[in-house]
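The following exercises are to be worked through with the sequence and the model at hand. Each task is followed by a solution in steps.

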Amino acid sequence: VKGCCAPAGNKVKLLLVCGILSRATNFPVFFVSRIIASISSGISFGSLILFLQEATPTELRGVTSFLSESTLIMTMGLGIGFGMDAVFGTNLLVLTSIS
């Protein structure tokens, strides 16, 4: 992806989106920044998997892929659980400050 943050990488994109999210006062800005954040985190996680598979020794590649995918599944499950109305309610400020 070419643009203003391409030379700096995906970490800068995520930090930029977090800054936008912290200043979002209306719903459209919040919605657009969440879309950008989800795309950037997906790209970052995909490149992390590729890096782990290339950097680890051959006999440990399956373990590193398994652990990274297990971590993703665990964090998604926690997000689903904490996103329920019974856990943190419907207060948008509390929900976004936790994430």
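**Exercise 1: A threonine between two helices**

Threonine 56 is found in the loop between H2 and H3. The model in which it is examined is a predicted one.

Task: Determine whether threonine 56 is buried or exposed, and state which residues it is in contact with, leaving aside its neighbours within four places in sequence.

Solution. 
- Step 1. A residue counts as buried when its relative accessible area is under 20%.
- Step 2. Threonine 56 has a relative accessible area of 15%, and it is therefore buried.
- Step 3. With neighbours within four places in sequence left aside, threonine 56 is in contact with Arg61 and Thr64.

**Exercise 2: Packing of H2 and H3**

Task: Describe how helix H2 and helix H3 pack, and which residues make the contact.

Solution. 
- Step 1. Two packed helices are described by the angle between their axes and the distance between the axes.
- Step 2. Helix H2 covers residues 27–55 and helix H3 residues 61–82; they pack at an angle of about 160°, and their axes are 8 Å apart.
- Step 3. Angles over 145 degrees count as roughly antiparallel, and H2 and H3 are therefore roughly antiparallel to each other.
- Step 4. The crossing in which H2 passes H3 is right-handed.
- Step 5. On the H2 side the contact is made by Phe45, Ile49, Leu52, Gln53 and Glu54, and on the H3 side by Arg61, Thr64, Ser65, Ser68, Glu69 and Leu72.
- Step 6. Sorted by class, the contact of H2 with H3 has 4 nonpolar, 4 polar and 3 charged residues.

**Exercise 3: A serine in H2 and the annotated region**

Task: Which residues does UniProt list for "transmembrane region", and is serine 33 buried or exposed?

Solution. 
- Step 1. The unreviewed UniProt entry lists residues 31–52 and 72–95 under "transmembrane region".
- Step 2. Over residues 31–52 the chain is 100% helix and 0% strand, with the end C-alpha atoms 32 Å apart.
- Step 3. Serine 33 lies in helix H2. With a relative accessibility of 1%, serine 33 counts as buried.
- Step 4. Serine 33 and glycine 19 are 14 residues apart along the chain, and their C-alpha atoms are separated by 9.3 Å.

**Exercise 4: The whole chain**

Task: How many helices and strands does the chain have, and what percentage of its residues is buried?

Solution. 
- Step 1. The chain has 5 helices and 0 strands, in the pattern α-α-α-α-α along the sequence.
- Step 2. Of the 99 residues in the chain, 14% are buried.

Key:
Residues are numbered from 1 along each chain as its sequence is written. This is a predicted model: local features need pLDDT of at least 70, side-chain atom pairs count only at pLDDT 80 or more; totals for chains, interfaces and linings use all residues. Side-chain values use heavy atoms; hydrogens and water are left out. UniProt positions are given in the numbering used here, feature names are shortened, and annotations may be inferred rather than shown by experiment. Helices (H or I, at least four residues) and strands (E, at least two) are DSSP runs, numbered from the N terminus. Axes are lines fitted to C-alpha atoms, for helices over the stretch in contact, and angles run from 0 to 180 degrees between N-to-C directions. Angles under 35 degrees count as roughly parallel, over 145 as roughly antiparallel, 65 to 115 as roughly perpendicular and the rest as oblique. A crossing is left-handed if the near helix is turned anticlockwise from the far one by less than a right angle, and right-handed if clockwise. Contact means heavy atoms within 4.5 Å. Ala, Val, Leu, Ile, Met, Phe, Trp, Tyr, Cys and Pro count as nonpolar, Asp, Glu, Lys and Arg as charged, and the others, Gly among them, as polar. Buried means under 20% relative accessible area, exposed over 50%, partly exposed in between (1.4 Å probe, protein chains only).
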